[in-house]
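The sequence and structure are shown first.

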Amino acid sequence: MAALRHPTAAEKEEEKRLYFVLRRDFPVSAGSLTRLAARITWQTLAAALDGQAPRYLGYDPATQPKIVLRARDIRQLERAIQETSGFPQAIAAAPDGSPLFLGLGPACRAELAPFVRKLQMLSDETPADAAEIAAMPPGFSGSVLWLFVRADARIPYGKLAAQAGHGAFGVLSDLARSTPWLIAEWVADGAHVATKIVPDLETLNDVYASARDAALPASFIVDAGRTVFAEPTPTIVGVGPSAAARLPRSVLALPDLV
């Protein structure tokens, strides 16, 4: 296997990236972070395609990263929103209606305001007493985007957001070109995301194969190994959007990531 080439500091300044900023004074669970990041990724890139297409076309999600930052509190997040208002954005709200999670870009680090560039990376530790939000309603039968997260890869908390974004965009970007009505149906149904835990790589492969056998859209995500992992590592499978009734029972029986 050829050695990975990591970009230089100068290249990183000019590299297109998708940025997430999460408030840390309202801690959310790992499953909630995964669901929020999946939805925000699509909304942010859809906004870029709609209003700033050159940014969208200049971003390759397979090779250009998603950067996950933390805002100390609502004031820092609101300032980040204000100082990145010239970029495509998507914002998820906390249960009280206040902003919780910001997606922006694609953008080069060199383009960002100094305040945003100074925000710290999101911690790898799952916060204590984290809230579960953005969960699929019980008994929901509509269109859902499904994410299957590999447990034995031990994906850190902050890294989960980036991998969820890859999983969502990997499947939705293909549908945007081939069958956009499936995305419209998913959005009309509430753009729900469901997260499941997969114990190991063998099961992750089985989930992907089962989805393909059922003629469901699916993406198999392999992290490039630039940061957390020492080598390219399979992490997540994205499936759908699809009603639960179309998934194999063995796949639906996997435990939820909460």
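## Backbone geometry

D129 is placed in the loop between α5 (114-117) and β5; helices (H or I, at least four residues) and strands (E, at least two) are DSSP runs, numbered from the N terminus. The phi of D129 is near 55°, a positive value in a residue other than glycine. At 79% relative accessibility, D129 counts as exposed; the term exposed means over 50% relative accessible area, buried means under 20%, and partly exposed lies in between (1.4 Å probe, protein chains only). R154, found in the loop between β5 and α6, is not a glycine but has a positive phi of about 50°. R154 counts as exposed because its relative accessibility is 68%.

Two cis peptide bonds can be described next. One joins G105 and P106, with omega about 0°, and P106 lies in strand β4. Another runs from G240 to P241, with omega near 0°; P241 belongs to strand β8 (residues 233-242). Most residues other than glycine have a negative phi, and most peptide bonds are trans.

## Basis and confidence

This is a predicted model, in which local features need pLDDT of at least 70 and side-chain atom pairs count only at pLDDT 80 or more, whereas totals for chains, interfaces and linings use all residues. Residues are numbered from 1 along each chain as its sequence is written, and side-chain values use heavy atoms, with hydrogens and water left out.

The chain has a mean pLDDT (the predictor's confidence in each residue, from 0 to 100) of 91, and 96% of its residues reach 70 or more. Confidence in the chain is lowest in helix α1 (residues 9-14), at a mean of 71, and highest in helix α4 (residues 74-83), at 98. Where pLDDT is low, the predicted coordinates should not be read in detail.

## Nonpolar cores

A nonpolar core is a set of buried Ala, Val, Leu, Ile, Met, Phe, Trp, Tyr and Cys residues joined through side-chain atoms within 4.5 Å. The largest such core has 47 residues, of which L33 and F101 touch the most other members. Two or more residues each come from β1 (16-23), α2 (30-51), β3 (89-93), β4 (99-108), β5 (144-150), α6 (157-178) and α7 (180-188). The largest share, ten residues, is supplied by α6.

Contact means heavy atoms within 4.5 Å. Not counting residues up to four places away in sequence, F101 touches F20, V21, L22, L33, L36, A37, I40, L77, A90, I91 and A92. A second, separate core has 16 residues, including Y19, V21, L112 and L119.

T34 is found in helix α2 and counts as buried because its relative accessibility is 0%. Residues up to four places away in sequence aside, T34 touches L147, V149, L160, A164, T195 and L257.

W186 lies in helix α7 and, at 1% relative accessibility, counts as buried. With residues up to four places away in sequence not counted, W186 touches W42, S143, V144, L145, L172, A191, H192, V193 and P241. W186 and A164 are 22 residues apart in sequence and 17 Å apart in space, C-alpha to C-alpha.

## Pockets and cavity

On a 1 Å grid over the protein atoms alone, a cavity is a set of points where a 1.4 Å probe fits but cannot get out, and a pocket is an open set with protein on both sides within 12 Å along at least five of seven lines; lining residues have an atom within 4 Å of a point. The largest pocket has a volume of about 750 Å³. Its lining comprises 34 residues, of which P65, K66, K159, H166 and D223 lie nearest the centre. Helix α6 gives the most to this lining, with nine residues. The second largest pocket has a volume of about 200 Å³ and is lined by 17 residues, with M136, A194, T195, K196 and D256 nearest its centre. Strand β6 (residues 192-198) gives the most to that lining, with four residues.

The count comes to one cavity of 30 Å³ or more. The largest cavity is lined by F148, V207, S210, A211, L216, V239, L247, P248 and V251. Helix α8 (residues 201-213) gives the most to the cavity lining, with three residues.

Key: Grid points are joined across faces, edges and corners, and a volume is the space filled by probe spheres set on the points.
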